[in-house]
Amino acid sequence: MDEWRELLGVLAGAQDRGLIGPGPLEAHLEHSRAWARALGQAPESFLDLGSGGGLPGLVLALEWPESRGTLLDARRLSEAWISEAAERLGLSRRIETVCDRAEAAGRDPRLREAFSLVVARGFAAPAVTAECGSAFVRPGGRLSVSEPPGSGAARWPAEHLATVALGPVEVVTEGEATFAVLEKIGRLDDRWPRRVGQPRHRPLWS
């Protein structure tokens, strides 16, 4: 399809700028499409946490034509690139870009607990991703994280997840890709997420 060929061109530009890691772009694209299949029904809204060059956010926006997406990254270069890419792909009416640190954005009343789904690909270690990501997921929504092949539930201890209002992890495999899926089980206490840098320097678990 033309839109997927256009997307590959967009991703090539992001890779040239260092916003996407090395490797065949077709593999990056297929990983994101596998993620959409693993998650099933399209959400009303989603946030891509640490979107970088637009993976998986731009892919999910094409897979889910009725969904609204917010792509969050702390780098101005990433925000500018994704805005340009969304325009090029005809997604600008459904895609918003936000340039901010996740800890700060998670306290923005417009973004806090506002999304049906939050996805994170290479954002941070599980403890950091859980603390930051939960801030954006509405109760009953889901946080989903791309996982290394062969990963299991041990990376996501249930007792610590409950601290940030997340239920026990479900590990889902789609083809060669693995994803963690966690349900938001209640409102997040106001103390989370902590100040910028603290989730990484003092993680909830290791």
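Predicted model: local features only at pLDDT ≥ 70, side-chain atom pairs only at ≥ 80, totals over all residues.
Q: Why is α1 said to have its buried residues along one face?
A: The buried residues of α1 are Trp-4, Leu-7, Val-10, Leu-11, Gly-13 and Ala-14. Seen down the axis of α1, these residues fall within an arc of 165°, so they line one face of the helix; the arc is taken from the directions that run from the helix axis to the C-beta atoms. They pack against α2 (25-39), α3 (57-63) and α4 (76-88), where contact means heavy atoms within 4.5 Å.

Q: How do you know what span to expect of α1, and what span does it have?
A: Helices are DSSP runs of H or I with at least four residues, and strands are runs of E with at least two, numbered from the N terminus. The expected span of a helix is 1.5 Å times one less than its number of residues, and for α1, with 15 residues (2-16), 21 Å is expected and 21 Å is reached from the first C-alpha to the last. For α2, also listed with 15 residues, the reach is 22 Å, close to the expected 21 Å.

Q: Which residues of α2 are buried, and what covers them?
A: Leu-25, His-28, Leu-29, His-31, Ser-32, Ala-34, Trp-35, Ala-36 and Leu-39 are the buried residues of α2, and what covers them includes α1, α3, β4, β5, β6 and β7. After α2 comes Gly-40, whose phi is positive, near 80°.

Q: What makes Ser-51 count as buried, and what does its side chain contact?
A: Ser-51, in the loop between β1 (45-49) and α3, has a relative accessible area of 3% and is therefore buried. The side chain of Ser-51 makes a polar contact with the side chain of Asp-48 at 2.8 Å; such a contact is a pair of N or O atoms within 3.5 Å, of which, within protein, one must be able to donate a hydrogen and the other to accept it, with residues adjacent in sequence counting only if both atoms are side-chain atoms. Leaving aside neighbours within four places in sequence, Ser-51 is also in contact with Leu-71, Leu-72, Asp-73 and Ile-82.

Q: What makes β3 and β6 the edge strands of the sheet?
A: The sheet is open and has 7 strands in the order β3-β2-β1-β4-β5-β7-β6, with mixed pairing. The edge strands β3 (95-99) and β6 (170-174) each pair on one side only, and two strands pair if DSSP finds at least two bridges between them. From one strand to the next the twist averages 20°.

Q: How do you know which strands β1 pairs with?
A: β1 pairs in the parallel sense with β4 (residues 115-120) over 4 bridges and, again in the parallel sense, with β2 over 5 bridges. Phe-46 stands opposite Leu-117 in β4 and opposite Gly-69 in β2. Of the 6 residues of β2, 5 are buried.

Q: Why are Glu-113 and Ala-165 called buried, and what is their phi?
A: Glu-113, in the loop between α5 (102-105) and β4, counts as buried because its relative accessibility is 11%, and its phi is near 50°, a positive value in a residue other than glycine. Ala-165, in the loop between α7 (158-163) and β6, counts as buried because its relative accessibility is 8%; its phi is positive too, about 65°, although it is not a glycine.

Conventions:
Residues numbered from 1 in each chain as written. Heavy atoms only, no water. Buried < 20%, exposed > 50% of the residue type's maximum accessible area, 1.4 Å probe, protein only. Axes fitted to C-alpha atoms, helices over the stretch in contact; angles between N-to-C directions.
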